[in-house]
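I opened my notebook for a first walk through this structure. Here is what I looked up, entry by entry.

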Amino acid sequence: MDNDDYHEQLQRDAQFLCSDQRMDTELVDSLVLQLNRIYPQILSDKEAQRFRNLSVPTKVRLAELLKHLYGKGEEACQEFYRGLHIHAEDIYSSLPTRVTQREMADSKWTNTVEIIPARYALNDRGPMFFLSCFSFVAGIAVLYYYGEGETLRSTHPFLHCSAARLSKGAKDVFIS
């Protein structure tokens with residue numbers, strides 16, 4: 001599900017939210033206060049007082065709040081989810097739409113995992129092959145730099161031949 005589907009998500013999650021026992025008076029009040037203080041264009045002072053009225057049962061106030069936010073549009077729904085994520089992450093992660101998103105992401109990730117090993121295998125020679133090639137090159141470099149007289153002169157043609165197809169600058173770097 002895309003991030004811009006909060007309007008639809010709220011419609012699907014509303015029943016779950018209204019029936020969840022964890023959505024208590026304190027949490028609903030926190031959400032109303034956050035929406036009112038940070039986004040007064042979404043929830044005015046008068047509307048906030050209505051949704052914080054303790055004489056009305058919490059489930060009724062929550063249902064009216066969700067209906068009100070749904071009527072306000074996409075941004076209001078998104079800010080409600082943001083507040084729910086901040087104040088009650090356990091409820092937010094157990095929402096039906098969030099569970100569906102995780103399941104879809106897990107199934108995509110599982111399919112990707114199966115492809116990766118075959119697709120990105122560079123070679124099957126292993127680390128010993130790398131170490132032997134590296135040791136060979138390091139040995140030639142040691143002979144070239146620290147070799148005395150005859151040894152140095154005998155490796156010189158080999159190194160020049162190895163660098164024959166390189167450009168002049170690359171050849172100088174390789175031989176030096």
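**Entry 1: arginine 61**

Is arginine 61 buried or exposed? I began there, keeping in mind that this is a predicted model. Arginine 61 turned out to be buried, with a relative accessible area of 1%. I found this arginine in helix H4, which covers residues 58-72.

Next I asked which residues arginine 61 is in contact with, leaving aside neighbours within four places in sequence. My list reads Thr25, Asp29, Arg50, Phe51, Arg52, Asn53, Leu54 and Val56. One of these, aspartate 29, has a side chain that makes a polar contact with the side chain of arginine 61, at 3.2 Å.

**Entry 2: aspartate 29 and its other partner**

I stayed with aspartate 29. Its side chain also meets that of arginine 52 in a salt bridge, at 3.9 Å from N to O. Aspartate 29 lies in helix H2 and arginine 52 in the loop between helix H3 (45-51) and H4, so this pair ties together parts that are 23 residues apart in sequence.

I checked how covered the two partners are. Aspartate 29 is buried, at a relative accessible area of 12%, while arginine 52 counts as partly exposed at 34%. Arginine 52 is also on the contact list of arginine 61, so I noted that aspartate 29 has a polar contact with arginine 61 and a salt bridge with arginine 52, with aspartate 29 itself counted as buried because its relative accessible area is under 20%.

**Entry 3: salt bridges**

How many salt bridges does the structure hold? I counted 6. A friendly reminder to myself: side chains of opposite charge can pair when their charged atoms come close.

Another salt bridge I looked up joins aspartate 90 and arginine 22, with the closest N and O atoms 3.6 Å apart. Aspartate 90 lies in helix H6 (residues 89-93) and arginine 22 in the loop between H1 and helix H2 (25-38), so the pair ties together parts that are 68 residues apart in sequence. I looked up the C-alpha atoms of aspartate 90 and arginine 22 as well, and they are separated by 9.3 Å. Aspartate 90 is partly exposed, with a relative accessible area of 44%. Arginine 22 is partly exposed too, at 36%.

Elsewhere, salt bridges that share partners join Asp20, Arg22 and Asp90 into one network.

I then turned to aspartate 20, which lies in the loop between H1 and H2. Aspartate 20 is buried, with a relative accessible area of 10%. Setting aside neighbours within four places in sequence, I found aspartate 20 in contact with Lys59 and Ile91.

**Entry 4: helix H1**

Does the span of helix H1 agree or disagree with what its 14 residues should give? I worked it through: at 1.5 Å a residue, helix H1 (residues 6-19) should span 20 Å, and its end C-alpha atoms are 19 Å apart, which agrees. I also noted that H1 bends by about 45° at aspartate 13. Aspartate 13 is among the buried residues of H1, together with Tyr6, Gln9, Leu10 and Leu17.

The side chains of arginine 12 and glutamate 8 meet at 3.4 Å, N to O. Being 4 residues apart in helix H1, arginine 12 and glutamate 8 are separated by about one helical turn. Why does that spacing help me picture the pair? An α-helix has 3.6 residues a turn, so residues three or four places apart point the same way. Arginine 12 is partly exposed at 43% relative accessibility, and glutamate 8 is partly exposed at 42%.

**Entry 5: alanine 76 and the cysteines**

I moved on to alanine 76, in helix H5 (residues 74-87). Alanine 76 is buried at 2% relative accessibility. Its contacts, not counting residues up to four places away in sequence, are Ile42 and Leu69.

Last, I searched the whole structure for disulfides and found 0. Cysteine 77 is buried, at 0% relative accessible area, whereas cysteine 18 is partly exposed at 23%.

Technical notes:
Residues numbered from 1 in each chain as written. Predicted model: local features only at pLDDT ≥ 70, side-chain atom pairs only at ≥ 80, totals over all residues. Heavy atoms only, no water. Disulfide = S-S within 2.5 Å. Buried < 20%, exposed > 50% of the residue type's maximum accessible area, 1.4 Å probe, protein only. Helix = DSSP H or I, 4+ residues; strand = E, 2+ residues; numbered from the N terminus. Contact = heavy atoms within 4.5 Å. Expected span 1.5 Å × (residues − 1). Bend = angle between axes of the 7 residues up to and from the residue. Polar contact = N/O pair within 3.5 Å; in protein donor to acceptor, adjacent residues only side chain to side chain. Salt bridge = Lys/Arg side-chain N within 4 Å of Asp/Glu carboxyl O.
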